[in-house]
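Please look over the sequence and the structure before reading on.

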Amino acid sequence: FLSLPLQAKMSRPVQARRLEGIDKNIWVEFVKLAATYSKVNLGQGFPDFPAPDFLQEALRRALGGENHMLHQYTRAFGHPPLVKVLAQFFEKLLGRELDPMTNVMVTVGAYQALFCCFQAFVDEGDEVIIIEPFFDCYEPMVKMAGGTPVFVPLRPKAPKDGKLMSSADWQLDPAELASKFSARTKAIVLNSPNNPLGKVFSQGELELIAELCVKHDVLCISDEVYEWLVYDGRQHIRIASLPGMWDRTVVIGSAGKTFSATGWKVGWTVGPDRLLQHLRTVHQNSVYHCATMAQEAVAQGFQRELTLYGKPDSYFVQLPRELQQKRDLLVQSLVAVGMKPIIPEGTYFLVADISEFKSDVPDVPNSDEPYDYRFAKWMIKNKGLAAIPLSAFYSEAHRSSHTNFIRFCFAKEEATLKAANDILQKWKQEKTS
Ligand code: PMP
């Protein structure tokens, strides 16, 4: 043993095959760029305003209270007070009885809920339908599970009378969607309200998806992390409540998005035991457990919301009201500089058309970097304003045909949105002078 050289380096390849082609990630690059150059960061999706007082107080109470066991492990599949209140809450939303122990599982953010779903349901060769543009981790997660992502686009229809486009103008082509379902299809991922567009799928669109799921006996992984963030009186419809869908749907939610506390990383899944039992297997054998203290505080937050359900003081009523105003502020600022925002019906994201800005951004000879990436980097470095290129939310194969848009996050303090407005106004003056 002692005769081995001290510096014996490994020479064999170490990367597992399942990581091939998924090692590049937009967030690593853009989070770093935004941190280095931006004065105003409307890139990554998180609020810069504080989580509500009642949630912060709940955490303080949990930390300073008598129950020192909150510092220890709790039930692996969800802290009992949290799964109980989630079951009560979702009974109301889905109109069916739920067993907190078998129909609800708590996860480390919605991210881990998604990971559990793909690992639990997708086998080598299985196809998973993903609607483009999509929250970017769906594709690598399907691939890591050995599955094949099959993409179907939301296609924009130009609005009449020169009006601004709405996220509702981006729609699935029913025949195209139907053509993606086959005997190989195991699941479809639905994300309504949708990140990045802010689209809130209509009853008709959800019925179409549901009909195809039932016809082809396909699962639905329903990412509803922005369920409370819908605007202009629109309604978020839960696909699990449509006929035939409860039995084949896993509903995914996030306390991070729901209570403006993304760093807490508390998420959940709701669904039939028949499906959730397999999520429990993945959870048990991967992270096993989520922070007890955060689960306790989120449970108290939900308890409050259950009492105030539908009332004006409910955070789930107030937050979308405030965000709608922030959305409208950002829309005005972007229109002023000549970008064409697509008005989101939900989420805290807004996609804007930047096709008129090609002359602002210097061409990079021999670069195959898409225009929206170049534009977003240029804007961060030269204007101090951070946003995310939309093509990052498309598959590799379709990326090059969606390079005229960038995504902004408007879950920001008024001061941040004002600072963004100042940058855009100054930019506008420079353009016109
Ligand atoms: N799904 C979507 C559509 C998201 O936008 C995000 C966060 N950006 C997540 C899931 C992950 O949520 P969490 O922070 O709770 O893990």
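**Largest pocket**

The largest share of the lining of the largest pocket, 3 residues, comes from α5, where helices (H or I, at least four residues) and strands (E, at least two) are DSSP runs numbered from the N terminus. The model is predicted, so that local features need pLDDT of at least 70 and side-chain atom pairs count only at pLDDT 80 or more, while totals for chains, interfaces and linings use all residues. Residues are numbered from 1 along each chain as its sequence is written, and side-chain values use heavy atoms, with hydrogens and water left out.

- A pocket is an open set of points on a 1 Å grid over the protein atoms alone, where a 1.4 Å probe fits, with protein on both sides within 12 Å along at least five of seven lines, and lining residues have an atom within 4 Å of a point.
- The lining of the largest pocket numbers 24 residues, with Lys24, Asn25, Tyr373, Glu396 and Arg399 nearest the centre.
- Elements that give two or more residues to this lining are α1 (26–37), α5 (138–144) and α13 (396–399).

**Second largest pocket**

- Domain 1 (22–51 + 315–432) and domain 2 (53–308) both contribute lining residues, so the second largest pocket lies between them; the domain bounds come from an automatic or database domain assignment.
- Here α4 gives the most to the lining, with 4 residues.

**Sheet**

- An open sheet is formed by 4 strands in the order β11-β12-β15-β14, with antiparallel pairing, two strands being paired if DSSP finds at least two bridges between them.
- Its edge strands, each pairing on one side only, are β11 (340–342) and β14 (388–389).
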